[in-house]
Structures are given as structure tokens and as C-alpha cells.
Amino acid sequence: IIPPKGWRPTSTYDDIDDLLIPAPVQQVVTGQSGLFTQYNIQKKPMTVFEFQKTSNLDKFCSPRHVDFDELERKFWKNLTFNPPLYGADVSGTLFGSDVSEWNMAHLNTILDTLDNESGMKIKGVTSPCLHFGMWKSAFAWHTEDMNLYSISYLHYGEPKSW
């Protein structure tokens with residue numbers, strides 16, 4: 001889905017610097033020749049400001065590249081160096097409360113009955129989560145919770161690669 005030109009989920013991101021990422025992980029990868037193992041080492045909590053400052057260090061930035069094929073080659077060649085950080089499953093949304101279109105917190109699906117009738121929220125299923133990544137951070141191919149579909153919205157940064 002490509003939103004209409006000029007549509008924005010929020011008026012500003014200036015107020016998220018102090019948002020806490022409670023359990024970022026360092027993604028340490030070992031292996032070679034196409035067979036790799038990733039170890040997630042939980043790090044101390046950090047703010048979005050600290051995460052962004054870290055992700056902008058030269059060793060964590062995407063390398064220069066001509067096209068996606070070159071970038072992919074550089075990814076696999078450098079996978080085991082400079083382990084990136086990944087902040088996953090942070091409860092919340094960056095959509096403004098006045099935004100009704102495509103608001104991850106208000107999708108108006110049948111799953112809303114869980115919350116409306118029983119007060120039950122399932123993190124990442126009936127309530128939105130934020131994810132913070134940097135160059136080389138990865139989230140493995142997987143089946144979504146309860147075999148449901150997934151919706152992601154990239155607020156800012158480099159495009160995601162699937």
C-alpha cells in the first residue's frame with residue numbers, strides 16, 4: 001500500500017528521542033559459506049536517541065553501493081563483522097492520535113473483540129509494536145503469531161529489504 005502523496009502518520013518525530021527500547025539485542029553472527037548462526041545478546045535499555053546515534057556511526061551505516069545486488073553482496077561478505085543492534089517488540093505506535101487512516105493502533109478488525117469484550121491485548125497482534133533496526137540487523141523469515149498476516153509501516157530511515 002502506498003499512501004497518497006503528502007499523507008503522514010504524524011506531524012513530527014521530535015518527541016520520540018526519550019522513548020525507551022527496553023531490551024535491544026546485539027545480533028552476533030558466526031559462520032561461513034552460507035551457513036550462519038545468529039546469537040542475540042541482550043544489551044542494557046537505551047533511548048531512541050541513543051539507538052539512532054549508535055546506528056549513525058560509520059561502522060553501522062549501509063556501505064556505498066551502486067545497486068541492490070551490490071548491497072546484498074556486501075551484506076553477506078560483512079555479515080560476521082560489527083554486530084548490529086536490533087530493538088524489537090517495543091509496545092507503542094508513532095501514529096498521531098488524530099490519524100484514522102492506516103493507523104496500526106486502530107485497524108478495526110475482528111481481533112478488536114478480544115480487547116472490547118475481554119480486555120485482552122496480545123502484543124504485536126491486537127496492539128502495535130515498534131521495531132528499530134540498523135544496517136545488517138535482521139529478523140528471520142517466520143510465521144506470524146497465530147498464523148495471522150503482518151502489517152509494517154516504515155516511518156523513516158533506509159528502505160527495508162525482504
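Start by selecting Asp145: is this residue buried, partly exposed or exposed? Asp145 is partly exposed, because its relative accessible area is 45% (buried means under 20%, exposed over 50%, partly exposed in between, with a 1.4 Å probe and protein chains only). Asp145 sits in the segment after β6; helices (H or I, at least four residues) and strands (E, at least two) are DSSP runs, numbered from the N terminus. Leaving aside residues up to four places away in sequence, Asp145 touches Lys123 and Val125, where contact means heavy atoms within 4.5 Å.

A quick word on what you have open: it is a predicted model, with residues numbered from 1 along each chain as its sequence is written. Local features need pLDDT of at least 70 and side-chain atom pairs count only at pLDDT 80 or more, while totals for chains, interfaces and linings use all residues, and side-chain values use heavy atoms, with hydrogens and water left out.

**Next stop: the sheet**

Switch to cartoon view and look for four strands in the order β3-β2-β5-β6, which form an open sheet with antiparallel pairing (two strands pair if DSSP finds at least two bridges between them). Select 35-42 for β3 and 129-132 for β6: these are the edge strands, and each pairs on one side only. On average, neighbouring strands in this sheet are turned by 25 degrees against each other, direction ignored. Axes here are lines fitted to C-alpha atoms, for helices over the stretch in contact, and angles run from 0 to 180 degrees between N-to-C directions.

Then pick residues 48-55, helix α1, which packs on the sheet and touches β5 and β6. The direction of α1 makes about 155 degrees with that of β5.

**Along strand β2**

Select residues 25-32 for β2 and 85-91 for β5; two bridges join these antiparallel strands. On the other pairing, β2 and β3 also run antiparallel, joined by eight bridges. Which residues partner Val25? In β5 the bridge partner is Tyr86, and in β3 it is Gln42.

Stay in β2 and click on Gln27. Gln27 counts as buried because its relative accessible area is 2%. The side chain of Gln27 reaches the backbone oxygen of Ala138 at 2.7 Å. Show the surroundings too: beyond residues up to four places away in sequence, Gln27 touches several residues, including Gln38, Tyr39, Pro83 and Lys136.

**Two residues with positive phi**

Most residues other than glycine have a negative phi. Head to Ser33, in the loop between β2 and β3, which has a positive phi of about 50 degrees although it is not a glycine. That hairpin has two residues between the strands. Ser33 counts as exposed because its relative accessibility is 76%.

Now jump to Asn108, in the loop between β5 and α3 (112-118). Asn108 has a positive phi of about 55 degrees, and again this residue is not a glycine. With a relative accessible area of 67%, Asn108 is exposed.

**Cysteines and an annotated stretch**

Select Cys61, which is partly exposed at 29% relative accessibility, and then Cys129, which is buried at 18%. How many disulfides does the structure hold? The count is zero, taking a disulfide as a pair of cysteine sulfur atoms within 2.5 Å.

Finish with residues 96-162, which an unreviewed UniProt entry annotates as "domain: JmjC". Over that stretch the chain is 10% helix and 6% strand, with the end C-alpha atoms 27 Å apart. UniProt positions are given in the numbering used here, feature names are shortened, and annotations may be inferred rather than shown by experiment.

Technical notes. A polar contact is a pair of N or O atoms within 3.5 Å; within protein, one must be able to donate a hydrogen and the other to accept it, and residues adjacent in sequence count only if both atoms are side-chain atoms.
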